[in-house]
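Here is a short report on a two-chain model. Look at the sequence and the 3D view, then read on.

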Amino acid sequence: MLEHHLSADSRPERVVVLGASGFVGRAILRRATEGGSEAVGLSSADLSLLAPDAADRLAALLRPQDSVVFVSALTPDRGRDAGTMLANLRMAEAVGAAVGKVVPAHLVYISSDAVYRDDANPVTERSCCEPSSFHGMMHLARELILRTGVKAPLALLRPSLLYGIDDTHNGYGPNRFRRQAAKGEPITLFGGGEERRDHVHVDDVAELTWRVLARRSSGLLNIATGRSVSFREVAELVVSGFERPVDIVPTPRANPITHRHFDVTDAIKAFPDFHCMDIASGIARVHGEMVGRGHG
Amino acid sequence: MKPTIAYLGMTHLGLVSGIAAASKGFDVVCFDPDPERIATLERGDLPVVEPGLPELLAENRERLRFTADAGALAGCGVVYIAPDVPTDDSGASDLGPIRALLDRVEPALAADASLVILSQVPPGFTRSRQRSGRSLYYQVETLIFGRAVERATQPERFIVGCADAAQPLAPAYRSFLEAFGCPILPMRFESAELAKISINVCLVASVSVANTLAELCERVGAVWQEIVPALRLDRRIGPYSYLAPGLGIAGGNLERDLATVIGLAEREGTDAGVIRAFLDNSRHRRDWALRVLHAEVLSRRRNPVIAVLGLAYKEDTASIKNSPSLALIAHLHGTDLRLYDPVVPASAANAPRAVGAADPLDACDGADALVIMTPWRQFRDLDPTLIAGRLAGRTVVDPYGVLDPAACRDAGLIHIRLGAPLSMLGAEADA
């Protein structure tokens, strides 16, 4: 549950996004710019959070009035092992040390729903955290590092599966399906694509992050649509955007079917006039953007 | 000769029980240490809303004596300790006032008077108050807000906790209980104390099952109200079982019992996982109306106006403790609201953008949606056509189904209730 420290929206003076060259970081930086804040994006090229002097260098850049959004991470496509997890924890350690030296006005950490038990359905902010992956364990440990060491109001945001035109990952789901279809390849499902998941458009993550910044909220919030759909349905929605036929190909099932659903009541309570775009609208938007860029 | 009965603590339980005892022909002393409360009762003003209570008071007034003088207890043969036990937000009971009352009045009682604790106390409490030479009992109360008179005058049974269940009850106490003509079940103090909790946990279990399956109905196209008659005809479930889905546990008493069981289980090392699941489910269902309103109205309209009928936690009571209606309103703080309840004033909602309406249809005037949060009988008589004529929108969120779904459909309303498919969600925006 979030607690708003400002009773009405107030534009942050300066928003510093750590991890600003990534898929999520770019979207948040863009939203902060649109919102009229001075938006400062830092990527690993500007400041490596793994460098021995990272904490000092970051502290030198921060001001007490800043709202800091911490998105930087070595994502699972860069490694799913313990070494990647430990590197990610060192990055969090550096951020924690930096915001200890220069306490910002607000800190927002973009975590993940991977912290929850695989069978925590429907997932709420009170669901049991029992990650089954190094990625999930990393986010949970990072949250603990920040919770215990940060004096600024801290918001922890845990988005579900993300998609969007600029997603560089090629994970199983809307992004991969669209790329397969655009290349004229069949969309390959695991089994019959029966698993249901809650897919969130990255712009909704950016919008909610912006609202959290504007109310200087602290606490915990999941980011999800509240409506889970099967991968088969996602594939069919992707295919519906293409004029040429695209095959959807099931494969023999290797793993048991699992589902994930979210109860988004806390988000409704925090921001009653906000709702995430549904998957059909989101996929249509991405398709339109793809066509606009001359692909597909 | 009939004993004089005394009730101590003139809140809901003590007041209704005292008047019910007078209706059985006993002289009754109604004691409360607060002289102002006694003065109010002396004037015939009842501080609680209960159907039939004013009439019962009027019929038996000559046998009732309201007093703040503990000396009046000296001539009583059976003395009930009956104040409501306050609970905090976690459902934990505050037994301090009960202890203080016992300490104050015990010296004032006749040596042979039976002292009966009627207020709900946790297992172990009554035995801890056992004093040499005093006949002490714990009697289970089964007060239901809105049906308190019926429950007090026609109890199903008396559950009586005793220091030693093998010993006969004190004659005065037994003669009083026998006047009600129902079974008397003596048992150990601890069993009776836990029996009360057991009753409530069984009720919560039934409602939790109904809530769980009603939510599934909403998703898979089934209608819970069609399933219920089939369950009631099953002898293992029964015709009176609690199968109506609701908006979570409210009122405070059930939450207190669940908290007590969890606390005891933690202390004794027993498993209370299922009790926590009941609480989780209750929390989840409490926000049903908010989720529906968000999907239908809040996320689709700018500056919507919402009409809310019902503020009390259930019908026929003025109690708002843990009211689902007030919980909903608390999350609509930025929304214009039009509120109406037959007994609870709109000011009780403490909502800055709320206005009180003169009647149910007045509340509907110009609203984008209507939410019926308390199933008051008078709301059942509302004509959906008139509602449709006053609303600006078409959405009626009616969790308890007080309006007839077919009549609502005929009136052009989108009627959404617990346990019925949500396939109509979004229909208004798409229409």
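The text below takes the chains one by one and then turns to their contact.

This is a predicted model, in which local features need pLDDT of at least 70, side-chain atom pairs count only at pLDDT 80 or more, and totals for chains, interfaces and linings use all residues. Residues are numbered from 1 along each chain as its sequence is written, chains are lettered from A and ligands numbered from 1 in the order in which they are written, and side-chain values use heavy atoms, without hydrogens and water.

## The two chains

Helices (H or I, at least four residues) and strands (E, at least two) are DSSP runs, numbered from the N terminus. The radius of gyration is taken over C-alpha atoms, and the globule rule is 2.2 Å times the number of residues to the power 0.38. The table sets out the counts and spans.

| Chain | Helices and strands | C-alpha span along principal axes |
|---|---|---|
| Chain A | nine helices, 13 strands | about 55 × 40 × 40 Å |

Chain A has 296 residues, so a compact globule would have a radius of gyration near 19 Å; the value for chain A is 19 Å, which agrees. Chain B has 431 residues, so the rule gives a value near 22 Å; chain B has 24 Å, which also agrees.

## Annotated domains

UniProt positions are given in the numbering used here, feature names are shortened, and annotations may be inferred rather than shown by experiment. In chain A, an unreviewed UniProt entry places "domain: NAD-dependent epimerase/dehydratase" at residues 15-223. That span is 37% helix and 20% strand, and its end C-alpha atoms lie 20 Å apart. In chain B, an unreviewed UniProt entry gives "domain: UDP-glucose/GDP-mannose dehydrogenase C-terminal" for residues 307-405. Those residues are 24% helix and 18% strand, with end C-alpha atoms 19 Å apart.

## Details in chain A

Side chains of opposite charge can pair when their charged atoms come close. A salt bridge here is a side-chain nitrogen of Lys or Arg within 4 Å of a carboxyl oxygen of Asp or Glu. The count over all chains is 45 salt bridges. One of them joins Arg14(A) and Asp66(A), with the closest N and O atoms 2.7 Å apart. This pair links distant parts of the chain, 52 residues apart. Arg14(A) is in strand S2 (residues 14-18), while Asp66(A) is in the loop between helix H2 (54-61) and strand S4 (67-70).

Two backbone details follow. Asn121(A) and Pro122(A) are joined by a cis peptide bond, with omega about -15°. Pro122(A) sits in the loop between strand S5 (106-110) and helix H4 (134-149) of chain A. Arg216(A) is not a glycine, yet its phi is positive, about 45°. Its place is the loop between helix H6 (202-214) and strand S11 (217-223) of chain A.

## Where the chains meet

How many residues does each chain bring to the contact? Chain A gives 11 residues and chain B gives 10 residues, where contact means heavy atoms within 4.5 Å. The chains bury about 970 Å² between them, 60% of it on carbon and sulfur atoms. Buried area is the accessible area (1.4 Å probe) that two parts lose on being put together, summed over both.

Two salt bridges run between chain B and chain A. Among them, Lys269(A) pairs with Asp287(B), the closest N and O atoms being 2.9 Å apart. On the side of chain B that touches chain A, helix H11 (273-286) and helix H12 (288-298) of chain B each supply at least two residues. H12(B) gives the most, with four residues.
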